[in-house]
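Q: Please take a close look at one part of this structure, a single sheet and what surrounds it.

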Amino acid sequence: MNSIRRRLITSLLLTLFGGSLVICLSTYLNARGEVDELFDNNLKQVALTLQTRFAATGLGASIVDVPALSQETAIEEEEEFAIQVWNVGDGALIYSSHPKLLLPRQTGRGFHDFSYEGSSWRSYVAEAPQNVIQVSQPMNSRIDMMTEIALNIMVPILLLMPLLAPLNWWVVSRSLRPLSAVSSALEKRTPDSLEPLSPDHAPQEIRALIQALNDLLQRLQQALSAQRRFIADAAHELRTPLTAVQLQADLLERADSEEERRTGMKKLKSGIARSAHLVQQLLTLARQEPTAAQRPFTSVSLEALAKVVIEQNLPMAESKGITLALNSQEAVSIQGDKDNLQILLGNLVDNALRYTPAQGSVTLVTGVENGRPFLAVQDTGPGIPADEREHVFDRFYRVEGTGSSGTGLGLAIAKSIAEQHHAEIRISEGLGGKGTEVRIVFA
Amino acid sequence: MRILLVEDDIMIGESLHQALKDDGYSVDWAQDGEVAYISLQSHAYDLLLLDLGLPRLSGIEVLRRLRTRGDDLPVLILTARDSVDDKVLGLDSGADDYLVKPFALKEVEARIRTLLRRRAGRVQPVMAHGGLRIDPATHRLDYGDKQIVLSAKEFSLMRALLEKPGAIYSRAQLEERLYGWNEEVESNAVEVNIHNLRKKLGSDVIRNIRGVGYTIGECA
């Protein structure tokens with residue numbers, strides 16, 4: 001399982017342990033240097049003191065009377081040295097502090113390392129006019145001391161580790177407590193209560209998380225209330241066509257001549273068609289919601305798209321006596337959702353045909369504007385007053401006094417599809433300041 | 001009976017207009033608030049059917065202006081706004097009744113009859129005068145123990161005359177009650193219909209006061 005707590009504790013302990021190891025090692029190496037220097041100094045000091053003595057007395061044989069310091073065959077004490085003195089003249093060993101230790105004579109002044117009976121030794125050789133003095137010590141002494149130092153350093157640290165582990169656990173758990181506070185606060189949120197989390201008392205790192213969550217909650221709340229508003233609006237808007245259908249049906253029921261029945265049936269059918277159209281538009285709009293699944297974009301030729309839409313709307317245009325035409329300024333293709341673009345353009349053309357009086361014209365224009373492909377629908381209708389242009393994209397908004405039975409959703413759908421394609425949608429006067437032009441400019 | 005219908009939706013307006021005309025009312029249909037208010041100032045109506053969501057001038061505003069002017073015209077609101085607050089606002093602004101869309105034709109008609117009955121100060125749904133009995137709901141007219149079949153126009157005329165027995169109505173007033181805006185008024189329609197009614201009910205049922213107009217007679 002992926003757990004911050006476990007990861008924190010493990011890495012903290014590992015870091016602590018690794019750090020301790022490095023400290024121990026470096027302290028040990030440092031200490032070893034110091035110990036070497038100390039022991040070497042001692043060796044040299046003893047040798048030089050003896051050298052001074054011999055140089056002063058000038059005698060070689062007189063020290064033979066001095067008794068040996070020890071009869072041991074090994075040196076046990078740290079501060080113990082093996083001292084040997086040779087006569088320069090005949091090379092005879094004239095003194096040995098440990099007669100049972102037959103350490104070989106080293107040539108040349110200064111320090112020497114050598115082996116004797118399987119163990120390492122170090123010696124310092126000093127020369128007086130008639131004598132050679134060799135002071136020796138086994139390396140063991142040094143190693144013992146170093147080991148002792150190393151143990152002194154490491155044992156407390158190693159002993160501390162088991163104590164540090166629970167402390168670590170406690171500190172980490174305590175530091176993670178704000179996180180569990182956030183999650184339990186989030187658990188209390190429901191779609192009906194999406195109030196923001198309080199960032200007070202939260203640590204800086206969590207505060208950023210809370211901020212992000214609050215932003216999300218706010219957007220969620222907006223989306224939800226937009227959805228609720230939409231459903232309420234939709235239900236309200238459905239009342240009008242349903243009332244019409246109800247009244248048309250009531251009238252049809254009362255018809256007492258074949259003529260009246262035919263007219264009544266025709267009206268009822270158009271009322272049903274209108275309700276069906278509204279439901280269709282509502283569904284289309286719901287499918288355009290940003291949360292809805294999107295089909296992948298393909299290459300769409302704007303000219304071909306315009307031709308399909310013109311074909312679909314030709315019967316309505318002809319029945320109203322409106323000229324429907326295409327003005328393709330430049331062949332251009334864009335990446336988009338073909339079906340949705342068809343709905344978008346279809347809605348624009350449907351709107352234009354609805355509001356344009358007979359003998360007028362509706363023209364589709366495709367081309368490129370400042371390097372950006374565009375689609376436009378121009379009509380010779382009454383136009384949209386400038387102060388209403390920003391509202392026409394609102395759901396269920398209808399321009400007053402037009403007397404048309406539109407759903408008020410066509411442009412809302414167009415806008416939402418344009419947004420899906422990151423396209424700009426603009427409304428202006430048509431050619432020569434008359435009518436309306438709706439233009440979709442793609443990125 | 002002349003009714004002003006204010007409704008911006010063409011389909012609903014057409015159907016209501018048709019149905020009320022068939023019921024024998026004369027109906028004027030206004031499609032926005034401005035036109036509605038101007039009509040209210042220039043014509044005498046017996047009832048106002050008012051939608052609230054109207055272009056140009058809202059239904060509530062039309063109602064407020066009407067009441068501010070001191071007009072006691074019965075008003076029935078027909079609207080898609082169904083919240084309690086909307087209903088309270090509508091009634092408190094001076095409406096006499098409030099009907100939420102969608103509604104059945106029968107219900108609007110019944111409510112219209114109720115409002116007209118109350119306006120005439122009657123409690124009985126059936127209008128009676130002497131041996132004449134007329135039921136606005138079924139368009140049935142009984143004279144004595146005979147049931148008489150009337151055309152829509154004849155029924156409207158009888159209903160108008162029976163509204164306030166004793167009152168005298170000029171030919172123009174009766175024409176107003178018989179025809180809406182867009183209806184061609186036949187030059188002698190009132191005379192023709194009265195002639196027919198007299199043939200069906202007897203000549204003394206409707207009296208002609210020379211130089212003034214018509215009134216309902218003593219019908220024993």
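A: In chain B of this predicted model, four strands form an open sheet in the order S6-S7-S8-S9, with antiparallel pairing, where two strands pair if DSSP finds at least two bridges between them, and where strands (E, at least two residues) and helices (H or I, at least four residues) are DSSP runs numbered from the N terminus. Strand S6 (127-129) and strand S9 (146-148) of chain B stand at the edges with a single partner strand each, so one side of each has no neighbour in the sheet. On average, neighbouring strands of this sheet are turned by 20° against each other, direction ignored, the axes being lines fitted to C-alpha atoms, for helices over the stretch in contact, and angles in general running from 0 to 180 degrees between N-to-C directions.

Within the sheet, strand S7 (residues 132-135) of chain B pairs with strand S8 (residues 140-143) of chain B over four bridges in the antiparallel sense, and Leu132(B) stands opposite Tyr143(B) in S8(B). Helix H6 (residues 152-163) of chain B lies across S6, S7 and S8 of chain B and runs at about 115° to S7(B), contact here meaning heavy atoms within 4.5 Å.

As for conventions, residues are numbered from 1 along each chain as its sequence is written, while chains are lettered from A and ligands numbered from 1 in the order in which they are written. Because the model is predicted, local features need pLDDT of at least 70 and side-chain atom pairs count only at pLDDT 80 or more, whereas totals for chains, interfaces and linings use all residues, and side-chain values use heavy atoms, with hydrogens and water left out.
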